[in-house]
Amino acid sequence: MTVFVLGGAQTDFARNYAKEGRGILELFAEVVPAALVDAGVAAEDVEVAHVGNLAAELFTGQAQLGGLLVAAVPELDGVPSTRHEAACASGSTAVLAACADLEAGRYDLALVVGVELMRTVDGQRAAEHLGSAAWAGHEAVAAKFPWPALFADVASAYDERYGLDPEHLGQFAEHAFARATVNPLAQARDWRFPAGAFGPDDELNPLIEGRLRKQDCGRITDGAAAVVLASPAFAERLGGGFPRIAGFGHRTAHIGLAEKIAADGEYLFPHLRGAVVDAYERAGVAGPDALDVVELHDCFTITGLVALEHLGAAPPGDGGEFIADGGLDTAGINPGGGLIGLGHPVGATGVRMLHDVARQVSGTAGATQVEGARTALTLNVGGSFTTVVTMIVTGETA
């Protein structure tokens, strides 16, 4: 691929915009100018815009987000825009659409914004809204919290095939929250937990659905992220030296969880593994040993465990031991806290991942910087691994 990341920005994921009386308009108005400044371009330079969002209609009653973007940033009036929805992978699909625009030669400069305002309702109603990305009327119909219930089913399927030690899930969560403490924009940066909070104590860490406990679950988050992407010609005019999106993988499977889980074979989710391999091959990367940083989708701890095995960091069934042996740190996985620690405003997550790995490979990630990072991967999934998008970003400008 020949698409460059000029810069980007992220809002503070700890903020409750709804409580502040602010909405999606204000999220746009905050994150877009910051991204443009970071990229060193003006709003008038933007030729096309793409917006990632799951459920603004349900959480805020607002659709037509391209028009709302113009309302927030009037200088974008007349710029073509499209809104993309793929559950938790909405932001990444928006990035891929922008890349396609640039590689096709239609435009030279694209703005991608991911946004989600989720704290407008109570937790139960939020869970129901998010459940719209599952197979409505077919799965999790009796669950109080649809997504914890479905990923508890993933944990059960994993346990049946390989065996699952819940202590490893607790260790994954503990790592996420520990990394969040050094990230100034993380939702959980100020959270502290008593001894036993990551174990089987039903008071400190209550069961939510099935075998998943409170600390296994990502939290409801408000937030936005934006990146500015450029063609080689535009990047060269600015002097070059920008991070490059070197390869990608994008696959979609059946919306139902039961229909996706492979009955046999090496991997639980072959299409997830396929998307990762596609990215490796397109980027010319040999595999996980060539990666310095990974932004891994961990809306639940079991999601993270399954994903790290499918990217090849550990063989199938060995992810728990990889976690227990400190592999998350040595492999540079989620240095800023991941979705569990950093926060998961659904439509913004894929864009935030790209922004963070671009900062990593350019050496500007601040307190979360992985020393010497030059090659990074994002792995973003939507639904119960229904939509998978992975991207490889390199500091090399070839």
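Which residue in β11 does F248 stand opposite? F248 stands opposite M391. The model is predicted, so local features need pLDDT of at least 70 and side-chain atom pairs count only at pLDDT 80 or more, while totals for chains, interfaces and linings use all residues. Residues are numbered from 1 along each chain as its sequence is written, and side-chain values use heavy atoms, without hydrogens and water.

**Strands**

Helices (H or I, at least four residues) and strands (E, at least two) are DSSP runs, numbered from the N terminus. Two strands pair if DSSP finds at least two bridges between them. Strand β8 takes part in both pairings in the table, and F4 stands opposite R244 in β8.

| Strands | Sense | Bridges |
|---|---|---|
| β1 (residues 3-10) and β8 (residues 244-252) | antiparallel | two |
| β8 and β11 (residues 387-394) | antiparallel | eight |

**A residue in a loop**

Q215 sits in the loop between β6 (212-213) and β7 (223-230). Its relative accessible area is 4%, so Q215 is buried (under 20%; exposed is over 50%, partly exposed in between, with a 1.4 Å probe and protein chains only). Leaving aside residues up to four places away in sequence, Q215 has contacts (heavy atoms within 4.5 Å) that include F177, F193, F198 and I340.

**The largest pocket**

A pocket is an open set of points on a 1 Å grid over the protein atoms alone, where a 1.4 Å probe fits, with protein on both sides within 12 Å along at least five of seven lines; lining residues have an atom within 4 Å of a point. The largest pocket holds about 540 Å³, the space filled by probe spheres set on the points. Of its 25 lining residues, L130, P148, G218, I220 and F300 lie nearest the centre. Two or more lining residues come from each of α5 (123-130) and α6 (146-162).
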